[in-house]
Amino acid sequence: MPPLRRFAIFAIAYFESRRELISLDFFRLPSSRFNPAPNQLPMPENHAFETLAIAIFGGTFLTVLSRKYALPTIVFLFLGGLLLGPSVLGLIDPNSVESILPAMVSLAIGIILFEGGLTLEPRDYVRSSRVIKRLLSVGAIVTWLGSALAVKLCFNPSWEVSLLAGSLVIVTGPTVIIPMLRRMRLKTNVASILHWEGVMIDAVGVFLAVLCFELVVYKDSMMALTGFAQRLVAGVGIGVAGGYLLQWILQRSFIPESLTNPFVLASAVFIFAMAEFWIHESGLLSATIAGIIVGRRQSAEVKQITSFKAELSDLLIGALFILLVSRLEFASLLENWQSILLAVALVMFVVRPLNIWISSFGSDIGTKEKLFLSWVAPRGIVAASMASLFALQLSADGTFANEAKLLENFTFSVIAATVILQGLTAGKWAQFLGVSSSSDAGWMLVGAHHLGRELARTIQEKGVDVLLVDTNPRDVAEAKAEGLNALEADAREVENITIDDRFTSIRNMLALTDNNELNEWIANEWRSHLGKDHVFAWKTGTQAEQGSFLNLPRPSVLAEELHNGTARIEWKTTEPEGEEKRLFSLLRDGILPWTDDPQFDEAGAAHLSVSRTVGYLRRAMRRGGTYEWDCQSLQEVYEQIATILSDREPSISRKSLLKDLIDQERILPPFLGHGIAAPHAYSSHISERICMRITLKRPISVENQADPIQTVYFILSPAGDPEGHLATLAEIAKTCHEQRLIDPGAPAA
């Protein structure tokens, strides 16, 4: 029998056997679907598989939809959970997964917090503002106690339940805050406060919630505090041990690259499970700490893991949020809608502003910034997960059924109100208060060296955001100390930079490293993200390309000149003169790069120029001077040079410098022809170049030289600056050549 015919017969037989189970009631409302009437054919009793499948697909699809249209993801997920759940369409049955939902919730939160730990940098918290540190300590307590008081006043439960409900709304959550920050494009100081509060407060809120949960269950404060201490020790200990062990394995390259992501995921789950096995509810802390430890190793493997975990977190958040929201019952919400509305209003309009005002007392945060921060505090997946987890546990034996329902209704009402109201109005509120970024034409400068920092500071004078990116931790630290936005990262890794909230207003990129090839590489990586007209590479000594800046020294050389005060960067409205080079033009719609294209050259437009006060040679001559000596040989000239410089700079060894000059003449004669000698050397004991010009009263004849030596230029450069050294030699040759063209018979200049 042909295979196709056999398949058709098999399919017909299978569907005939299943015909009695197929019903058009699948898409009916829950009253007929999950509780079929006597005259209806029943559906299969276990809907767990279809529930999970629809939740996973629905969560992912709604996440994609929200990002496509730049709307709050949690709003879509919240509405999707209500729509798909038993209260409306009944396509998913949360009761079918109730037995495994606590484990799913705990495990998902563990993975989410592990991924969050990977993105945290402890040094950034140490350097963070006083407001952020207060929000994570004093502010968390204000929110906890204030929300608990609101629940007590509105619902009058026990104080233990009130404290538990208050602890559940402490967390704001990065899964809600970060997408909002990307849309709103806030000023950096405001965005930084919201970002770090959202990322760091999860662990604080979770542990306070667990402490309050034990107060409710055991009614014994001493037992709850003892359990809290044990959980803290177990979570920290297992997290540290597991994190360092995982880091050690990754450093040894023991795991094949293709299996790194699955192995790290399995390890995170294992660390979480070991902590949970040791003491219940300690796994969340252990997962967070393990993620922080592994994330400290800024390697390619860790960045790959971070990207993978972020994608997995999106999947988990979408599916989990839909499952949790689908558990809500409209009837229960409508019974106490007035009390719920009052409690939510107190949390949003009293508790949050009180938190901000106390946490920012004595800081440089202005009133407008405080008003904005007081409005924006959306809760997310962690609050929802913890509320559902505790509700499931409290209602397991029916003893705390009413308390469980109160926790879920209150927490999800706060989530819905804050996410929907704040998510949809925060952008307009930021514009009204003037705390949003004033320009969308921000710049990312790759290179946090002195030149990059000076450029960043000068561009910011025009109200334009600038983000410095560098792999050098010292330069990044100096930039932050100077009040600039700086990120320690590899500029070639686009995805890891774009997730930072400080990147929200960036529209242009300029690579400022000393390596031309690296600059081009970085530019190529960013063209697809920002567009080729907004990506630029600093190039030295190469043929012009669109968007490249030419005829400028290497950034390290120009940085040294800026540091020494021999070059400057400033805004000007006149045309460049002399050695000035134009970098950017400030137009009506923001800062744009300058090229020969007239569209970037509006009349009267301010342009950012870099200029040198004098050339290399003239600056070095000022520190060296001119002399007229009567010497019998070049060695005698070298001896006098060494004597003068060692007297002027005690750190310079006369003997060592003299030896360098004699050795150099033997290996590479310093003769430029036409009676000019240019001996030169490097020294690690000076920070600025020195040039001495010696005119000889009596020319010195030298073997193999047609003209006797009449003029000697001596150059001593700082070690590590070969480009400036060679540029000075080139200026000497150019000066002498021009002098001969003017007066061929004149002695060398």
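This is a predicted model: local features need pLDDT of at least 70, side-chain atom pairs count only at pLDDT 80 or more; totals for chains, interfaces and linings use all residues.

Colleague: OK, how many helices and strands does the chain have?

Modeller: The chain has 29 helices and 15 strands, taken as DSSP runs numbered from the N terminus, with at least four residues (H or I) for a helix and at least two (E) for a strand.

Colleague: And what share of the residues is buried?

Modeller: Of the 749 residues in the chain, 52% are buried, where buried means under 20% relative accessible area, exposed over 50% and partly exposed in between, with a 1.4 Å probe and protein chains only.

Colleague: Let's look at helices. At what angle do H8 and H17 pack?

Modeller: Helix H8 (residues 138-155) and helix H17 (residues 337-359) pack at about 155°, with their axes 9 Å apart; the axes are lines fitted to C-alpha atoms over the stretch in contact, and angles run from 0 to 180 degrees between N-to-C directions. H8 and H17 are therefore roughly antiparallel, since angles over 145 degrees count as roughly antiparallel, under 35 as roughly parallel, 65 to 115 as roughly perpendicular and the rest as oblique.

Colleague: Which residues meet there?

Modeller: Among them are Val-142, Gly-146 and Ala-150 in H8, and Leu-346, Val-347 and Leu-354 in H17, where contact means heavy atoms within 4.5 Å. By class, the residues of this contact divide into 13 nonpolar, seven polar and no charged, with Ala, Val, Leu, Ile, Met, Phe, Trp, Tyr, Cys and Pro as nonpolar, Asp, Glu, Lys and Arg as charged, and the others, Gly among them, as polar.

Colleague: What about H9 and H20, parallel or antiparallel?

Modeller: The axes of H9 (residues 159-168) and H20 (residues 401-433) come within 10 Å and cross at roughly 30°, and the two helices are therefore roughly parallel. Their contact includes Leu-164 of H9 and Phe-410 of H20, and has seven nonpolar, one polar and one charged residues.

Colleague: Switching topic, where does Gly-675 lie?

Modeller: Gly-675 lies in the loop between strand S11 (671-673) and strand S12 (676-677), and counts as buried because its relative accessibility is 2%. Leaving aside neighbours within four places in sequence, Gly-675 is in contact with Asp-707, Pro-708, Ile-709, Gln-710 and Thr-711.

Technical notes. Residues are numbered from 1 along each chain as its sequence is written. Side-chain values use heavy atoms; hydrogens and water are left out.
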